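Thanks for coming. I have one model to go through, so please look at the sequence and structure first.

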Amino acid sequence: MNQRPLSPYLGVYKFMYTMSLSIMHRITGLAAAVGFLALVWWLMALATGPDAYARAMQRLGTPLAKLLLIGFTFSFAYHFCNGTRHLVWDTGRGLERAQARRSGAAVIVAALLFTALTVWLGCRAMAVSP
């Protein structure tokens, strides 16, 4: 009996940049889901009352939590931008190697810019709040 795998796996193919973008899309999808759970927790604390909100803000104000929030923001931005790229591919456009390479780079740059803009706006909002 033949012991071949039923479907291709990473060991079959030569590693390419498109594989890393695809793997990163899956990882950022999971990270964004965890980030949305943190958002729901924060919203529930906000709705529960001042004491719960103060506890949530105390926990979210730690340096580690802030770093994780930035990571969640990047995860969402990357997953959103790369998902949009896949939607464009579904129309049959951008599938050529050079175009795919450019759109992959554009996804990374856009996600980094979106994250930086979000963090900058968040910092400005915190500085202005009473």
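What volume does the largest pocket have? About 910 Å³. Before the details, a word on the source: this is a predicted model, where local features need pLDDT of at least 70, side-chain atom pairs count only at pLDDT 80 or more, and totals for chains, interfaces and linings use all residues. Residues are numbered from 1 along each chain as its sequence is written, and side-chain values use heavy atoms, with hydrogens and water left out.

A pocket here is found on a 1 Å grid over the protein atoms alone, as an open set of points where a 1.4 Å probe fits, with protein on both sides within 12 Å along at least five of seven lines; lining residues have an atom within 4 Å of a point. Grid points are joined across faces, edges and corners, and the volume is the space filled by probe spheres set on the points.

The largest pocket is lined by 23 residues, and the closest to its centre are Leu60, Leu69, Ile70, Thr73 and Gly122. Elements giving two or more residues to that lining are α1, α2, α3 and α4 (97-128). Helices are DSSP runs of H or I, at least four residues, numbered from the N terminus. Helix α4 gives the most to the lining, seven residues. By type, the lining has 17 nonpolar, five polar and one charged residue. Nonpolar covers Ala, Val, Leu, Ile, Met, Phe, Trp, Tyr, Cys and Pro; charged covers Asp, Glu, Lys and Arg; the others, Gly among them, are polar.

Next, the helix pair. Helix α1 (residues 17-48) and helix α2 (residues 50-60) have axes that come within 7 Å and cross at roughly 150°. Axes are lines fitted to C-alpha atoms, for helices over the stretch in contact, with angles from 0 to 180 degrees between N-to-C directions. From α1, Trp41, Trp42, Ala45, Leu46 and Thr48 meet Ala52, Tyr53, Ala56, Met57, Arg59 and Leu60 of α2; contact means heavy atoms within 4.5 Å. Nine of the residues in this contact are nonpolar, one is polar and one is charged.

Now the core. Which residues make up the largest nonpolar core? Leu21, Phe74, Ala77, Tyr78, Cys81, Val107 and Ala111, seven in all. Such a core is a set of buried Ala, Val, Leu, Ile, Met, Phe, Trp, Tyr and Cys residues joined through side-chain atoms within 4.5 Å. Both α3 and α4 give two or more residues to this core, and α3 gives the most, with four. Tyr78 touches Leu21, Met24, His25, Thr28, Val107, Ile108 and Ala111, leaving aside residues up to four places away in sequence.

Is Ser75 buried or exposed? Ser75 counts as buried because its relative accessible area is 6%, where buried means under 20%, exposed over 50% and partly exposed in between (1.4 Å probe, protein chains only). Beyond four places in sequence, Ser75 touches Thr28, Ala31 and Ala32. Phe76, at 33%, is partly exposed.
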